[in-house]
Amino acid sequence: MVNHARCIRGLCSRPIKQMKIYLSILIAASPILLAGCQSSSKSKTDAPLQLTQYTPAASSSAPPHQGVISRTEALQNVLNHSPQIRSLRAEIRARDAEAYQASLPPNPTFEFEAENFGGTGGTNRFNGAELTGGLSQEFQLGQKRRKRTLVAQLAADMLRAELERETLNLQIATDQKFVNLMEAQSLKQIARQDVTIAEERLAAMRAQLDAGKISRLDLNKASIALASTKQELRRQESQSAKAAADLGRLWGGDGSHITRAEGSLSSSASLPSWSQIESAIARHPALSKSQFELARSEASLDLAKAQRIPNIEIGGGIRELRESDDTAAVIGFKIPLPLFDRNQGGIRAAEERITRAGSDRVAVRSSLLAQYQQYHA
């Protein structure tokens, strides 16, 4: 094992003239480093890397909504504060960072080696030592960097399509919950009116009972009817509170501060034509996600095939022979021999995932078509 303390003492005791040799190591090996960086960043075979755009984060907290709420305000709350949207946006930013990481070239390596020192006779201390220092750079062949960056970018784009689908689903759910809240409010208002009518009727029947116009049995029936309407009012109040809670839960709230939903239950929308439905299916985020998944699987196969090509590592530097006080240049390279591992399993797995992605895309389109047919009917 190299005694680092002795090495440092030996180097520090050298004359300035000899110490300049080690500075020349970096100067001599710098062309290799520059060539590696230029090959990684400006290779003619590598297309310019266009990283995906930044996805902003949604607000981390959902303030309670106070008072009256409209449909537009409910949708805005969901888009700004939904936990699902915040989660997906965070994962998209993570995948963007992974795409950026995949686009980076490998780092150069500094190497230092000391031989024939610390022994006996001519190898005592550093008298007969051979000191070698240099830089090496790995060259990734087969456009691996560009291909793995494309795979990472498609993974981020696929999640963006998932974000669009989740946003669309949340907008639909918001509409449904908002309509449920307006419906519950309307039924609560009707139940409150029924209670008022039942109370007025009971008061009138008491006067009739005093006048002897009706029997006690008729008054008891009116009392039971009033109790029933009050029970129905309590049930509708509970349903209204539950509908408000369901709506507020979509943006991470509880809906307890919502007093009323402002809107109308009537609609003037007409049924779309079948051509409009087919156009909507073609633009649906779920189908876009499946298309990105298929493209990502194909890019993964391209990358798996590129992994068969071994990378080459080239290095060079300066060697000092202490015994003769001579210096010499050193250059070498390393390349793995693909005798056993030619990434056969990775290629086969990528091919199977292309088949799966194609089948999933057909299934997604068929499911969307069936849903639109059902809604249209």
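Reader: What joins the side chains of Gln-236 and Glu-232?

Author: In this predicted model, the side chains of Gln-236 and Glu-232 are joined by a polar contact of 2.8 Å. The cut-off for such a pair of N or O atoms is 3.5 Å, so a value of 2.8 Å falls within it.

Reader: Why does Gln-236 count as buried?

Author: Gln-236 has a relative accessibility of 5%, and because buried means under 20%, this residue counts as buried. Gln-236 lies in helix H6, which runs over residues 216-249, and, leaving aside neighbours within four places in sequence, Gln-236 is in contact with Ala-184, Leu-187, Lys-188 and Ala-191.

Reader: How many residues of the protein chain count as buried, as a percentage?

Author: Of the 377 residues of the protein chain, 33% count as buried, and the secondary structure of this chain comes to nine helices and six strands.

Reader: What makes the span of helix H9 close to the expected one?

Author: Helix H9, residues 344-376, has 33 residues and reaches 49 Å from its first C-alpha to its last, whereas 48 Å is expected at 1.5 Å a residue.

Reader: Which residues of H9 are buried, and against which helices do they pack?

Author: The buried residues of H9 are Ile-347, Ala-350, Ala-357 and Leu-368, and they pack against helix H7 (274-283) and helix H8 (285-306).

Definitions and conventions:
Residues are numbered from 1 along each chain as its sequence is written. This is a predicted model: local features need pLDDT of at least 70, side-chain atom pairs count only at pLDDT 80 or more; totals for chains, interfaces and linings use all residues. Side-chain values use heavy atoms; hydrogens and water are left out. Helices (H or I, at least four residues) and strands (E, at least two) are DSSP runs, numbered from the N terminus. Buried means under 20% relative accessible area, exposed over 50%, partly exposed in between (1.4 Å probe, protein chains only). A polar contact is a pair of N or O atoms within 3.5 Å; within protein, one must be able to donate a hydrogen and the other to accept it, and residues adjacent in sequence count only if both atoms are side-chain atoms. Contact means heavy atoms within 4.5 Å. The expected span of a helix is 1.5 Å times one less than its number of residues.
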